[in-house]
Amino acid sequence: MRVAVIGCGAVGSLFAANLGTLDDVEVWAYDLWQEHVDAINATGLRLSGAGEVVGRVQATADPAALPPCELGIVATKSQHTSAAMAATAHAFEQGSVCSVQNGAGNEELVAEHVQRVIRGTTFPAGHVIEPGHVGWDTRGDTHIGPFEPSAAPMKDVIALADACTRAGMPTHALEDARGAQWRKLIFNAASNAIAALTGRTHGQVAEPPTRDLAWAVMAEGRAVADAQGITLDLSPEDLFDHAARRDVAYGHKPSMLQDVEAGRETEIDFLNGAIVAFGERHGVDAPLNRALTQLVKGKERA
Amino acid sequence: MAIERVCVIGAGVIGSLYAGHLARDLEVSVLTRRAEHAEALEADGLRISGKSDFTARVRATADPAELPEFDLGIVATKATQLEGAVAGLTGRFPGATLMTIQNGLGAEDLVRTRGDWPLLSAVTFMSGVRHTDTHVEYELDTETWLGPFAGTATYEQAQEVEALLVAAGLRARAFPDLRPAQWSKLIFNATVNTVSALTDLPHVGAFAARDREVDLGNLVHDLMDEGKTVAAAAGVALHEDPWEMNVHAVRRGETLAAQGHYAHVPSMLEDVRAGRPTEIDFITGALVREAAKHGVPVPLHTAMYRLVKARECA
């Protein structure tokens, strides 16, 4: 089986390196960072931290170099999904493509370029240490399922879940993966936007004076999920409190805070902005998520 | 009352602009927070540049016990430093009238706990830039609005202070009741200051942009609508529509920017950038408390209040 990882940053590298340890999977990675690509091709893709792995991966910054693949895993930042898929769609004419990106709205963008799409949500996290070397910070499960409007066949979903699980990335193939996706989206939207605006860590966001605000933001997300008929697999509020524990991720700076501190564009459109947009489509107003979106958009311009 | 002696309490940008202009014709004393600030003012005088250009002699001290008698006291501290500054006036200066110029609501009530002086409420739209302890640039030569507070002073007294400020080269306007103007500015400030403090944006064109749903101007508009609902419930007919004030200020800022001036940085953004406590409790906090008093839900201002409080701790 041939799998291509589109966007080989921290999360993409966790999938690529682990899959690159399997004998029956040929792994390709597409990324625009040439030094990273060269290092991967020279010495393999290395992970350290939660697991020590060196995977065999063929990396390229040239989309034309990608051969036809049975499966794709999209792990770019959400704001780069469209450009990356436009460049690489040719490799998936006969394949299924799974988004493991943050938030909601990426599968819709992937489906503009390929026919068979898989919805995905992943919890493992990492950070790039140097070209060819990624720190694996936290382990966690991945949930995948067919993206209804352009659904991949269930056998492809199962094949991807099986390969990832065998490679050390526990992955669940579900008929409906929306519950996991919206649980993580609701959690992320509250934690990321409030952290980005206040400069505080996840654990601090879960405390006064923003605790009630975080819960109100999550309640809006729940209402939007309800209106779509989505049953959350777990409680985002419980997840929020769990992550806020001192022995879990109290001091973690959510990625949107890291983005605004570095002056980068954020994923706000795919988090709070997506809750507002899906809410509008289903007749549910989400005024706090809208306000947070407007504020973060303003901060991106500052 | 014949006003010949003025005391300015608090020598930040706004206090310095009053002190400097008034000291050209009147006897002016200044109460500073820091002793070295007072010493510098005594030694060098107070230079005003920009829209005005002169250096004035003022008496200055950081010790309230050393303040000479005065007829008019202008309380120009930040709202966060008001309590400490007026503590030293407790029970003294019985013949004086005091004027509060703090942002938000509640300064007059706080001053009243220290003495039964007649009080004038004031809001100012002036702005400036502090270059040194003894040099302040007069940037926006906009008006100070003032009026009697809750029957403690008269409209005539307000008019007298208006005439004094105008004679000193400042712009001022007396009102029989300041609440409509005070609330217009309260809603304006509760919105513009918090949005600016959270986004890091000076008061620029984005605050009035409403082309797309995600544009910041929509949030500004929604926050102002919430504030207007509170004003209506409190029985205050606003003097000016805060949204119009916002659009006007943004356009004015764009004109100044085209002439090479910097965009106006609201004080709450200056405070969070400097890691200082903000005036959030007197501005948005006051609005949220008024809303609760009148049973008006203000979810957006409540959210802004919590976000700014959290940003203060970061």
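Mentor: Happy to. Keep in mind that this is a predicted model. Let's start with Asp200(B), which has 17 other C-beta atoms within 10 Å.

Trainee: Is Asp200(B) buried, partly exposed or exposed?

Mentor: A residue needs 20 or more such neighbours to be buried, and 12 or fewer to be exposed. With 17 other C-beta atoms within 10 Å, Asp200(B) is therefore partly exposed.

Trainee: Where is Asp200(B) found, and what is its phi near?

Mentor: Asp200(B) is in the loop between α6 and α7 of chain B. Most residues other than glycine have a negative phi. Asp200(B) is not a glycine, yet its phi is positive, near 70°.

Trainee: Phe93(B) also has a positive phi. What is the value near, and which loop holds Phe93(B)?

Mentor: Phe93(B) is partly exposed, with 17 other C-beta atoms within 10 Å. Its phi is near 50°. As for its place, look in the loop between α3 (82-87) and β7 (97-100) of chain B.

Trainee: Which element of chain B gives the most to the side that touches chain A?

Mentor: The contact takes 19 residues from chain B and 20 residues from chain A. On the chain B side, the elements giving two or more residues are α6 (179-199), α7 (216-233) and α11 (299-313). By class, that side has 13 nonpolar, two polar and four charged residues. The element that gives the most, with eight residues, is α11(B).

Trainee: Leaving aside its neighbours within four places in sequence, which residues is Met99(B) in contact with?

Mentor: Met99(B) is among the residues with the most contacts inside the largest core. Leaving those sequence neighbours aside, its contacts are Leu72(B), Ile74(B), Val75(B), Leu120(B), Ala122(B), Leu146(B) and Val161(B).

Trainee: How far apart do the C-alpha centres of domain 1 and domain 2 of chain A lie?

Mentor: The domain assignment gives domain 1 (2-173) and domain 2 (178-301) in chain A. Between them, 11 residues of domain 1 are in contact with 12 residues of domain 2. The domain 1 side of that contact has one nonpolar, eight polar and two charged residues. The C-alpha centres of the two domains lie apart by 24 Å.

Trainee: Within what arc do the buried residues of α8(A) fall?

Mentor: Helix α8 (residues 211-227) of chain A reaches 25 Å from its first C-alpha to its last, close to the 24 Å expected. Its buried residues include Leu213(A), Val217(A), Gly221(A) and Val224(A). An α-helix has 3.6 residues a turn, so residues three or four places apart point the same way. The buried residues of α8(A) line one face of the helix, because they fall within an arc of 150°.

Trainee: Is the peptide bond from Pro208(A) to Pro209(A) cis or trans?

Mentor: Pro209(A) is in the loop between α7 and α8 of chain A. Most peptide bonds are trans. With omega near 5°, the bond from Pro208(A) to Pro209(A) is cis.

Methods: Residues are numbered from 1 along each chain as its sequence is written. Chains are lettered from A and ligands numbered from 1 in the order in which they are written. This is a predicted model: local features need pLDDT of at least 70, side-chain atom pairs count only at pLDDT 80 or more; totals for chains, interfaces and linings use all residues. Two residues are in contact if their C-beta atoms, placed from the backbone, lie within 7 Å. Helices (H or I, at least four residues) and strands (E, at least two) are DSSP runs, numbered from the N terminus. Ala, Val, Leu, Ile, Met, Phe, Trp, Tyr, Cys and Pro count as nonpolar, Asp, Glu, Lys and Arg as charged, and the others, Gly among them, as polar. A nonpolar core is a set of buried Ala, Val, Leu, Ile, Met, Phe, Trp, Tyr and Cys residues joined through C-beta atoms within 7 Å. Domain bounds come from an automatic or database domain assignment. The expected span of a helix is 1.5 Å times one less than its number of residues. The arc is that of the directions from the helix axis to the C-beta atoms.
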